[in-house]
Amino acid sequence: MITEPTAADPSRASEQNANSHEGADSSGPVNHSEDESGNENRRRSARRRKRVHEGTENVQCKQSKAAPSSGKRSGGSHSRKKHVEAVTLFEVITMGRRAMQAVIDDWTEFYRKDRDSSLLDLISFFIQCCGCKGVVTAEMCHNKEDTDILSKMVEDLDEVSGLQYKKFLAFPWILTVTWPVDADGAEYPLTQSGPYGRWFHTEFCDFVSVLVAQCQHCVIFDGYLMSVVISLLTELSDSYVRAFRHTCTLAAVKLLSALVGVALNLSVSVENSQKLYEVQKAKTLRQKSPTQLGRMQKKITELQEKRAEVESMMDVLFKGVFLKRYCDVLPEIRSICVEELGLWMKLYSSTFLNDSYLKYVGWMMYDKISDVRLKCVLSLQALYGDPALLPKLDLFTSRFKERMISMTLDKDNEVAVQTLKLLLLISKTPDEVFSPEDYKSLLQCVYSSQRPLAATAGELLLSRLLNSVASASGTQDGGNDEEAKKQQTFAKLKSLLQFYQDSELHGHVVYLVDSLWDCGGALLKDWPAITSVLLQEPSSDCPGLTEAEQAVLVEVLLASVRQASEGPVLAGRSGAKKVISAREKKVLTDDCTKLTEHLVTVLPKLLSKFSHNCEIAASLLKIPQYFLPEYPETGNTQAVSTLLAEMEAVLQLRSSAAVLEASARTFLSLCGDKSSGGSTARAARDALVQSWVEKLTALLGDSLKDDCFSADDEKTGEILATLKKLRAFHNCHDLCQWKLFELLSPLLESSCTAAAPHEVLLEVLQCLCYSVLWSLGTSSETLTSRERAVAQRLQLRVFCERSLCCLSHPDASVRQQAFLGVCDVLTAHSYQLQVWDPASFGPLLYTPSPKLQRALLTFVCAHVFVGADGYSQCSASESQGMEKLEDLHRRRNLLAAYCKLIVHGVLEMGMAAEVFMYYMKYYNDFGDVIKETLCRTRQMDRIQSARTLTLCLQQLFTRLRQEQEQEQEGGGGGGGPRSNVQTLAGIKELARRFALTFGDLVKFRECVVLIHRNGTDFVFQDFSQTPETSVPPYLSYLSVLSEFSCKLLKPDKRTVFSHLQKHAAALAVDLREERWQPLACYRSSLLAAVVAADGEDAASHASSDRKGHVPGRSPTSRPRLEATKTPCSPTPAEPGVARGQRSSSFSPGHQEKTAAGSEHFATDTPVRVQNAEASVLSAGAEDEVVDIEQ
């Protein structure tokens, strides 16, 4: 509580100080204390609550009339009412702005009566807003220049009481705030999460503003109130306690902002008074009133003095708070300071808008916190947006221009966007601030991956390049408005094409159009103007566009059509709206209707003009894909027929991949069921395909003689061109009715494969693959009898057998296409078996032959896992790097196709063991594919997946052993294992990675136990100990198996250890020998938890029998510590255990001793651990069948 000083009686100063110190020891927290009136409002929280109405005795209380105690506010003029609302200043911020104004008016009234008590209420309010739960005491100070008093102004920690305290001067008081030690880390109102923290911030700032606004005409100029408040906020804002520093800094800067408002009002009053004075002074001598002029002059002087006083307060706050806190360690405080500084410069530019204040904003643009940088940029936007303030910003612009340009690449997207908006404002100033190099770097942001940043850069591009060029061309000819508009459009398009060509970013037209769509949509949607420019013939007056510019303009046309049809959703660009409103959908529909009506008639002319250029023709052929399907057919049937005729003419002339793919997809769009001209398009497509099939049939009839391919170069070229067209259309359309499989399958016979060019075989393989895929995809409609199902299975088998022959073709592309075709077809067949309706006639199962399965696995190992891992890390030129990336992409596709066969159950899961071997060796290139395959196989069958992992590790270990044996037989001159054989360390690392995939120990406990049991059987099976072979040849595999021990549950470790004991009990084992170390390590990994569990049980049992439980101490704490010692660490034997009692080998007789619990594995572990092991071994020796304990 704040002890009220008695400043009126100087003789009681010493007594006052003593009482204040005594109050510091006895009083409670500020926000929890009670006064004599018995009002309990102070105990309530700062949230909105129901106001408590006090009884009439509170009104009659003498103290409440004279000086309300410790922050209570009983309305002065409202005291006549029967019920009075009594609230604290801290509570008033929960009641809204109207209640805030009323309570502050009451507080002002009481301040005039007793300013000391009221001011103490205000001090208590600021302390409570800091979230302080401590105590505030006050003592009087009569001389603020006293050196003894100033030396006591400290902030320190009292180690005896464990309290922190801050003692500071708020003349005429010396305030001492005491709070708990952990208050600095506690949450306070400004930092509370959720809506309450944001609400409190707003209400607290409103309170400061309302306080100054309500007092601006009276008490703030008394030289007492503002002096105390400024001293209080200055001292607390300099505290090392975060809550004080943050809250009081906010209050101080908001107080300064409110004073700026007061100064503005005073400036307006001074200006108005001066105008009135000048008017009065300009009157004639008879009309003048010297008395009135004197009063007006006196009023002006008073207003100026008040303004100077307010500016003095602002200067004190700025120097005392801002200059210390703008570089505070807390980013929230730095943001507050910068934000308010921008407001001061905007509102009171005569004082704050100069270079001495602007430099702080420039410095803070280098802050490492993005929110601080954002506040700087937003403040500058407000300044540069006002033309009257631009002359004062010239020096700042030149000084910090480079920094602002660099901030467009800020890692925070919002900062980059707002900075570019700021630069857009600066670019609109009359002065040429940016150089051409600056504009070049800024305009490259139109290709940014963030759409808001790209859209802002598009606005800058439109304002600086396109509009300037258009205005220049428009001033040249002012005669015909329509002709001038065409010239402006042509100049804009020309400038846009020039910008794109200068940027040298090919393939980014769609991103450029998307960047300009919001601000330059009128230009990009002017499809009649764009097409007229494309159809315009060059002349002497208008040279037109070059061929390169025409190609770019066609791409712009295509991109604008796509944008108008699908909206601003681009791959690789984020920030666009994911949900389109109803209004935006209507705009898209209207734009799509307009472009369809125009381009369906103009596009044939464009195709006729640019059919000689494959690149332009391919772009033009994509445009009909974005036509509105439900466009009116009346009047457009002839236009659609003309368009289809021009497309057929282009297809007859060009057979490039881009033209064929675009044509096939466009026909697919036009032939849809919802398309108005679908019937016309389907008839044109069927006629086109029929002509190609007839031509190909005639060519193959002449070329295939005696089951051998023989054709000259001209016929081979025609065959290849026709096959490309059929392959492109077969990829999008079902052409099974033309029986292409029967027509092309003879080309894959062994006699023809050797003679046919690899280009022809590549196209044939793709056509046959598409034919089989379409047959499988439409089987639900076509399989109506058993004969058709048998024919389909025969077709599938023929394709797989013919493709198997192509897997050994000399050309790599043919081999890869044959492999991908087989994988795709078998995957589709597996899906077909899963979705067919059992009630109807279903497909017949086709199982790939073992020869084909082995060939697929061999192909993957020979073509995927080749070379070193991580090509991207190798130093190479750019061209070589691109080639390596393409090769890596191709190999990833091959591996993914093979893994699909395993995931879909086409191949046995054990076939994946060969792939899992390369998980670590090729982790950078194929790690994600192999890991996904491992997860999918585990979802299919966890047990079988565990067997696959075991098989993978065992095969790797077997190969390593064979390699080592071959080196030993060859005299050891091999120099170590070959590069294609992994070392033992590599196998252990692979096992460790496999173990990490078992996350849920309970879910995968059966799998882990299976891995251990199979591994133990692999090591000891079919092994008989002889003097020549005393150690199992695969004993080192146990070190690999130990990587899975950490994934065993404690009961399962017992089971696995018992299983190990069954194998090892019949052998003579000496764990002290080096050759038996793998067994010792594996055994130790299993015993780590078993011994700990047994030790806990035994110690707990013994403790409960021998002595009672000691309070405050766990009865099993010490045994647990002893049992967790590492079993494999060599330690001296305990006293009383002779060395002769230790066994060094296993024998039948020794096994009996072990069963009795007296002997165990020979090792140098403590006797306590050995006894626990003996109990486990004896239990394992008695059981014949070991199951997983539940």
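The model described here is predicted.

**Helix α23 with helix α25**

- The axes of α23, which spans residues 547–566, and α25, which spans residues 614–622, come within 9 Å and cross at roughly 15°.
- Because angles under 35 degrees count as roughly parallel, this crossing makes α23 roughly parallel to α25.
- On the α23 side the contact is formed by E547, Q550, A551, V554, E555 and L558, which meet E615, I616, S619, L620 and K622 of α25.

**Helix α23 with helix α24**

- Helix α24, covering residues 582–609, packs with α23 at an angle of about 150°, and the two axes are 9 Å apart.
- Since angles over 145 degrees count as roughly antiparallel, α23 is roughly antiparallel to α24.
- As for handedness, α23 passes α24 in a left-handed crossing.
- The α23 residues L557, V561, Q563, A564 and S565 meet L588, D591, C592, L595, L599 and L606 in α24, and the residues of this contact divide into eight nonpolar, two polar and one charged.

**Helix α10 with helix α11**

- Helix α10, made up of residues 242–281, and helix α11, made up of residues 290–325, pack with their axes 8 Å apart and at an angle of about 160°.
- That angle makes α10 roughly antiparallel to α11, and the contact between α10 and α11 has 21 nonpolar, nine polar and six charged residues by class.
- The crossing in which α10 passes α11 is left-handed.

**The second largest cavity**

- A search of the whole structure finds seven cavities of 30 Å³ or more, and the second largest cavity has a volume of about 80 Å³.
- The lining of the second largest cavity is made by L122, F126, V208, L211, V212, C215, I220, L225, M226, V229, L233 and L255.
- Two or more residues of that lining come from each of the elements α6 (115–129), α8 (195–215) and α9 (225–237).
- Sorted by class, the lining of the second largest cavity holds twelve nonpolar residues, with no polar and no charged residues.

How values were computed: Residues numbered from 1 in each chain as written. Predicted model: local features only at pLDDT ≥ 70, side-chain atom pairs only at ≥ 80, totals over all residues. Heavy atoms only, no water. Axes fitted to C-alpha atoms, helices over the stretch in contact; angles between N-to-C directions. Helix = DSSP H or I, 4+ residues; strand = E, 2+ residues; numbered from the N terminus. Parallel < 35°, antiparallel > 145°, perpendicular 65-115°, else oblique. Contact = heavy atoms within 4.5 Å. 1 Å grid on protein atoms, 1.4 Å probe; cavity = no way out; pocket = protein on both sides within 12 Å on 5 of 7 lines; lining within 4 Å. Points joined across faces, edges and corners; volume = space filled by probe spheres on them. Nonpolar A, V, L, I, M, F, W, Y, C, P; charged D, E, K, R; others polar. Left-handed = near helix turned anticlockwise from the far one by under 90°.
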